[in-house]
Structures are given as C-alpha cells and as structure tokens.
Amino acid sequence: LASDAPPALLDVREQHERDAYGWIPNSAHIPMREIPSRFEELDAARPLVVYCAGGVRSFDVGYFLRDKGFGEVISLAGGLSQWDGPVEIS
C-alpha cells in the first residue's frame, strides 16, 4: 500500500459493519449483495484488494470479479479481523 502504485481497496461488508468496526483508509465500499449491479464502478485494470470481516465474502467477490474480467484481484486473508494497519471510524 505504500508503493508508488498501490492497489485499490474494496470493502464488501454491510454498512452496519463499517459503522461498528471501521474501515481501511481510502477503501471503496460496495456491499457484497450490490457487487453484481455495481462492479463496473471499479477499475478492472488496476490491482484490487477485496476485504470483508473474515475473508469469506471477499474470496467469493474476488472470483466473481475475475470472471468479469478483472486482472489482479486479491482477497485479504482473514479480512479486517486480521488487518494490523490503520482503521478509520466515523
């Protein structure tokens, strides 16, 4: 994330989860249930790290996005629960 060309970040949790636990700074937010109708808002050419609470939803979203032509999609292993970087909370 500290590189000159960092990947995009995508949070696929529900809004109530973001409100309760925060989010990784500079991450886009599209809940998993909205991905099929909103994935075109994302840049398919840019590397993308997808995360959720524990890693299961982000894994499924990653497969969906690869099937839709996204090149480099990575699911954050363990989700936000394993993230040791900064978190924003509103």
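## The sheet

V49 stands opposite I74, a residue of strand 4, where helices (H or I, at least four residues) and strands (E, at least two) are DSSP runs, numbered from the N terminus. This is a predicted model, in which local features need pLDDT of at least 70 and side-chain atom pairs count only at pLDDT 80 or more, while totals for chains, interfaces and linings use all residues. Residues are numbered from 1 along each chain as its sequence is written, and side-chain values use heavy atoms, with hydrogens and water left out.

Four strands form an open sheet, whose order is 2-1-3-4 and whose pairing is parallel; two strands pair if DSSP finds at least two bridges between them. Strand 2 (28-29) and strand 4 (73-75) are the edge strands, each of which pairs on one side only. Strands of a sheet pair through backbone hydrogen bonds, either parallel or antiparallel. Strand 3, made of residues 48-51, runs parallel to strand 4 and is joined to it by 3 bridges, and strand 3 also pairs with strand 1 in the parallel sense, over 4 bridges.

## R13, an arginine in a loop

Is R13 buried or exposed? With a relative accessible area of 1%, R13 is buried, and its place is the loop between strand 1 (8-11) and helix 1 (15-21). When residues up to four places away in sequence are not counted, R13 touches a list of residues that includes R18, Y21, W23, H29, Y51, R57 and L80, where contact means heavy atoms within 4.5 Å. R13 and G62 are 49 residues apart in sequence, and their C-alpha atoms are 14 Å apart in space.

The side chain of R13 makes a polar contact with the side chain of D11 at 2.7 Å. A polar contact is a pair of N or O atoms within 3.5 Å; within protein, one must be able to donate a hydrogen and the other to accept it, and residues adjacent in sequence count only if both atoms are side-chain atoms. The R13 side chain also reaches the backbone oxygen of G22, at 2.5 Å, whereas the backbone oxygen of R13 lies 2.7 Å from a polar atom of the H29 side chain.

## Residues around R13

H29 is found in strand 2, and, apart from residues up to four places away in sequence, it touches L10, D11, R13, E14, Q15, R18 and R38. R18 lies in helix 1 and counts as buried because its relative accessibility is 9%. Among the residues that R18 touches, with those up to four places away left out, are D11, R13, W23, H29 and Y51.

R57 belongs to helix 3, which covers residues 56-67, and is partly exposed, with a relative accessible area of 24%. Its side chain makes a polar contact with the side chain of E17 at 2.8 Å. Beyond its neighbours within four places in sequence, R57 is in contact with V12, R13, E14, E17, M32 and C52. The C-alpha atoms of R57 and R33 are separated by 9.9 Å, and these residues are 24 apart along the chain.

## The largest pocket

Rolling a probe the size of a water molecule over the atoms shows where empty space is left. On a 1 Å grid over the protein atoms alone, a cavity is a set of points where a 1.4 Å probe fits but cannot get out, whereas a pocket is an open set with protein on both sides within 12 Å along at least five of seven lines, and lining residues have an atom within 4 Å of a point. Grid points are joined across faces, edges and corners, and a volume is the space filled by probe spheres set on the points.

The largest pocket has a volume of about 220 Å³. It is lined by 15 residues, of which P7, A8, L9, N26 and R46 are the closest to its centre. N26 sits in the loop between helix 1 and strand 2, counts as exposed at 77% relative accessibility, and has a positive phi of about 65° although it is not a glycine.

How values were computed: Buried < 20%, exposed > 50% of the residue type's maximum accessible area, 1.4 Å probe, protein only.
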